[in-house]
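Hi,

Here is the structure I promised to send over. Please open it first, then read my notes below.

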Amino acid sequence: MTAHPDLEAAHLLARRQTLIETHLEGLGPEPAFLDALDLEEQHQLLDLCCGTGSFLAALAAAGHTGELVGLDRSEALLQAARARHPDVRFVLGDALNAPFPSESFDRISLRFALPHLSPRFAALSEIARLLRQGGRVAALHGTAGHLEEFWQVLHRAMHAHPRLRDHALPPPAQPACDAPAAFGPFRAVERRVLEDAVWLTPEESTVLLGSYLPALELPQAALPALRQRYLEEVAGELRGEKWRLTARWELWSARR
Ligand SMILES: C[S@@+](CC[C@H](N)C(=O)[O-])C[C@H]1O[C@@H](n2cnc3c(N)ncnc32)[C@H](O)[C@@H]1O
C-alpha cells in the first residue's frame, strides 16, 4: 500500500494527461501501478523516460518528501517539464547509461517507456545498478491488444486511401518481456495484465489519431482525407454516441 493519502486521487487526475487525454471508465491502471511501486513518501524516486513529468508532478502535489528525479533523452520534453513543474529535478540523459552513481534510488518507475528501450537487458541491468538493495522498480505500458479497435479503424481508413494503402502501420504492441526470468537481475518479479474500457466520442478519438500520426510520417497532403475517412469508420463503430476501445496494459514489478 502507498503511504500517500492523497496520491491516488492526485494521480487519477494526472492520468488523463498520460493516457492521451482519454476518458477511462474504471479506475485504470494507476492504483495497481502505485501498489506495485510500493512508494513511501521519503523514498528517492527516479522516473525513467519521464517525458513532460506529469507523474512526478502528481507525486510532488501529493506531498512526497523524498527526492523526485526525472530522466529523459528529449531536451524539448524536459524543457516543458521544467516549465510546468519547477520543484522537480529533470535530467537529460540516456536510460541505458544514466548519469547517476550506483545505488542512488529507492524506487524507479517506467511509464509507457520500457518498450522503447533497447536492448531490453541493458536497460534492466542499468535499472538494477541504479537501485539500492531492496529497492523496487515498476514498469507500466500497453501490451498486446491495447487500443486494438483504434488500430483496426486506422488500418481500414489508410487502406481506403490510394496513397496510403501500402503504408505500413507500426507493429502491434507486444509484451515487453516474455517471462519473469527475462526481467533481468531482480527478485520477486511479477507481471500483471490490466484491462479497462475507454469510451470516446468520435471527436475525442481524433486526439488519439493526432498523437499517433506524426510517428507514421504520412504525406501531409493525404491527411485531411485520412481524417475524414477515419471519422466515417469510427461512426460505424459507435454504441450510442461513443466508441468503446479496449485499453490493455502490462505491469511489471520487481525488487533488487
Ligand atoms: C511514450 S513516452 C512516455 C513519457 C512519460 N513516461 C509519460 O508517461 O507520459 C516515452 C518517453 O521515453 C523517452 N525515451 C525513449 N528512449 C529513451 C532513452 N533511451 N533514454 C531516455 N529517454 C528515452 C522519450 O523521449 C519519451 O519521453
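The largest nonpolar core in this predicted model has 60 residues. Leu46, Leu48, Ile108, Ala138 and Trp252 have the most contacts inside that core. Strand S7, residues 243–255, gives the most to the core. Its share is seven residues.

Now the overall numbers. The protein has 256 residues, and 36% of them count as buried. Eight helices and seven strands are present. Among contacts with a separation of 6 or more, 77% are between residues 24 or more positions apart.

One helix pair is worth a look. Two packed helices are described by the angle between their axes and the distance between the axes. Helix H7 covers residues 202–216, and helix H8 covers residues 223–235. They pack at an angle of about 130°, with their axes 10 Å apart. The crossing of the two is right-handed.

Which residues of H7 and H8 make the contact? From H7, they are Pro202, Ser205, Thr206 and Leu209. From H8, they are Arg227, Tyr230, Leu231, Val234 and Ala235. By type, the residues of this contact are six nonpolar, two polar and one charged.

Best wishes

Technical notes
Residues are numbered from 1 along each chain as its sequence is written. This is a predicted model: local features need pLDDT of at least 70, side-chain atom pairs count only at pLDDT 80 or more; totals for chains, interfaces and linings use all residues. A nonpolar core is a set of buried Ala, Val, Leu, Ile, Met, Phe, Trp, Tyr and Cys residues joined through C-beta atoms within 7 Å. A residue is buried if 20 or more other C-beta atoms lie within 10 Å of its own, exposed if 12 or fewer, and partly exposed in between; C-beta atoms are placed from the backbone. Helices (H or I, at least four residues) and strands (E, at least two) are DSSP runs, numbered from the N terminus. Axes are lines fitted to C-alpha atoms, for helices over the stretch in contact, and angles run from 0 to 180 degrees between N-to-C directions. A crossing is left-handed if the near helix is turned anticlockwise from the far one by less than a right angle, and right-handed if clockwise. Two residues are in contact if their C-beta atoms, placed from the backbone, lie within 7 Å. Ala, Val, Leu, Ile, Met, Phe, Trp, Tyr, Cys and Pro count as nonpolar, Asp, Glu, Lys and Arg as charged, and the others, Gly among them, as polar.
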